[in-house]
There are 2 protein chains.
Amino acid sequence: MTIKAILFDTFGTVVDWRGSLIAELGDWGAARGLAADWAGLVDDWRAAYGPSMDRVRRGDLPWTKLDDLHRASLDTLLPRFGLDALDEAARGHLTLAWHRLRPWPDSVPGLTRLKRRFIIGPLSNGNVALLLNMAKSAGLPWDMICAAELFHHYKPDPETYLGAASLLGLEPAEVMMAAAHNGDLAAARRCGLRTAFFPRPTEYGPRQVRDYAADSDWDVVASDIMDLATQLGC
Amino acid sequence: MTIKAILFDTFGTVVDWRGSLIAELGDWGAARGLAADWAGLVDDWRAAYGPSMDRVRRGDLPWTKLDDLHRASLDTLLPRFGLDALDEAARGHLTLAWHRLRPWPDSVPGLTRLKRRFIIGPLSNGNVALLLNMAKSAGLPWDMICAAELFHHYKPDPETYLGAASLLGLEPAEVMMAAAHNGDLAAARRCGLRTAFFPRPTEYGPRQVRDYAADSDWDVVASDIMDLATQLGC
């Protein structure tokens, strides 16, 4: 196994989207005297993520970057949470909260170790600006930003995994996909990439129903990114 | 002037392609007892760069990444330097010397200062793998890799400058192009980007004929990347 690059799923795998968004939206609301079920809004916002990308995957929508899908989903959800009075500036600000997600505690130290020996980057459905701003604010030491936006296809479409290997100038088997989601790894393996799993059992809070453990014989199964670095000899 | 990202031309601006290639090819030849006019080969190789991209810009060639243009130019040149006996492995190895170019002395410390306040990346005609491998070997602390390859257009086509701003989620005026080449900056300015010039008067060795100084009122004119960082308050 000669791995030259490791690409990471990002939402849930590297950053805690749920905890970060509930904290940011809660603080934002408190500063404005706005009470709302922020956790419910965050959970429903994330629940709209898959279906919104499905519209692009099926061709019902032309290529649309995730910032714009996030904003459209937010606009749909706000009335249900009594927040339909939020103005344009507020909606734009909240949508960009996805650019400010916080890393899990092992992410920055683990990636820093892996970066010494491997090319590291995200391979995420987030758009480039989202991933780049997240890296700057969270201190993620990526070597490059690889995003679905570059291929105009959302994961798990094969164009994303194969397109990433091509940009890196590597064979698929020289690239490892790392994710806390078995489905992402299954799609990467079908494209010939190597695979690494570690669980994030609190990612979805009370709505978590899967991905507590590896459900296949992935090339590496670790407890977190620090353990992945150890297992890869970094 | 609110600059959020600074994109750098790379060949000549950040790395010394001529000195690096002459040293690497000379060492490689010496280790094999091969004598040749290595400096002449390097200068002619670089002279083939513009015309090879012109074939893509005019549509005579479909999109072709720079690694492949470099290889085709090398194949054309080797017989003129008495090196037509070089085998496939040697040709592949020499082509990848462009991935191992060395930075000018001010590049890494200057970029490290700029990175604290700005998003920094290359905006180069080099392909992603070339720029990424160069960054890893030279220690260039880019936040992201922006390459002509992402847009299937070579600079100075406007698709490159505008495509980069779009990926960054920024207005063109929030992006600064930094280059040791006045022509690159003129094209960036026509697209609405901010501009920074610093000279690299030894870039082309005895063949240098231009770009000894700024030939327009660029937003910043500096002596090198350290001075650029100082002028931008980093």
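At what angle do helix α1 and helix α2 of chain A pack? The structure is a predicted model, and in it the two helices pack at an angle of about 135 degrees. Their axes are 9 Å apart. Helix α1 of chain A covers residues 17-31, and helix α2 of chain A covers residues 38-47. An angle over 145 degrees would count as roughly antiparallel, and one from 65 to 115 as roughly perpendicular; α1(A) and α2(A) are therefore oblique to each other. The crossing in which α1(A) passes α2(A) is right-handed.

The residues that make this contact can be listed helix by helix. From α1(A) come A:W17, A:R18, A:L21, A:I22, A:L25, A:G26 and A:G29. From α2(A) come A:W38, A:A39, A:L41, A:V42 and A:R46. Sorted by class, the residues of the contact between α1(A) and α2(A) are eight nonpolar, two polar and two charged. An α-helix has 3.6 residues a turn, so residues three or four places apart point the same way.

Helix α2 of chain A also meets α4(A). The axes of α2(A) and α4(A) come within 10 Å and cross at roughly 130 degrees. These two helices are therefore oblique to each other, and their crossing is right-handed. On the α2(A) side the residues are A:L41, A:D44 and A:W45, and they meet A:S73, A:L74 and A:L77 in α4(A). By class, the contact of α2(A) with α4(A) has four nonpolar residues, one polar and one charged.

Helix α2 (residues 38-47) and helix α4 (residues 66-77) of chain B have axes that come within 10 Å and cross at roughly 130 degrees. α2(B) and α4(B) are therefore oblique to each other, and α2(B) passes α4(B) in a right-handed crossing. Here B:L41, B:D44 and B:W45 in α2(B) meet B:S73, B:L74 and B:L77 in α4(B). The classes in the contact of α2(B) with α4(B) are four nonpolar, one polar and one charged.

One residue of chain B can be picked out for its position. B:G26 is found in helix α1 of chain B, which spans residues 17-31. Because a residue needs 20 or more other C-beta atoms within 10 Å to be buried, and 12 or fewer to be exposed, B:G26, with 16, is partly exposed. B:G26 and B:I6 are 20 residues apart along the chain, and their C-alpha atoms are separated by 34 Å.

The domain assignment of chain A gives domain 1, made of 5-16 and 103-231, and domain 2, made of 18-100. The C-alpha centres of these two domains of chain A lie 23 Å apart. Their contact takes 17 residues from domain 1 and 14 residues from domain 2. On the domain 1 side, five of the residues that touch domain 2 are nonpolar, seven are polar and five are charged.

Where do the two chains meet? Contacts link 13 residues of chain B with 13 residues of chain A. On the side of chain B that touches chain A, α7 (128-138) and α8 (158-168) of chain B each supply at least two residues. The largest share of that side, five residues, comes from α7(B). By class, the side of chain B that touches chain A has ten nonpolar, one polar and two charged residues.

A:I119 gives a view of this meeting from chain A. A:I119 lies in strand β2 (residues 119-124) of chain A and counts as buried, with 24 C-beta neighbours inside 10 Å. Leaving aside residues up to four places away in sequence, A:I119 touches A:K4, A:A5, A:D143 and A:L168, together with B:L132 and B:K136. A:I119 and A:M144 are 25 residues apart along the chain, yet their C-alpha atoms are separated by 8.2 Å.

Finally, consider helix α7 of chain A, residues 128-138. Eight of the eleven residues of this helix are buried: A:V128, A:A129, A:L130, A:L131, A:L132, A:N133, A:M134 and A:A135. What covers the buried residues of α7(A) includes α4, β2 and β3 of chain A, together with β2 and α8 of chain B. Just after α7(A), A:G139 takes a positive phi of about 75 degrees.

Definitions and conventions
Residues numbered from 1 in each chain as written. Chains lettered and ligands numbered in written order. Predicted model: local features only at pLDDT ≥ 70, side-chain atom pairs only at ≥ 80, totals over all residues. Contact = placed C-beta atoms within 7 Å. Helix = DSSP H or I, 4+ residues; strand = E, 2+ residues; numbered from the N terminus. Nonpolar A, V, L, I, M, F, W, Y, C, P; charged D, E, K, R; others polar. Axes fitted to C-alpha atoms, helices over the stretch in contact; angles between N-to-C directions. Parallel < 35°, antiparallel > 145°, perpendicular 65-115°, else oblique. Left-handed = near helix turned anticlockwise from the far one by under 90°. Domains from an automatic or database assignment.
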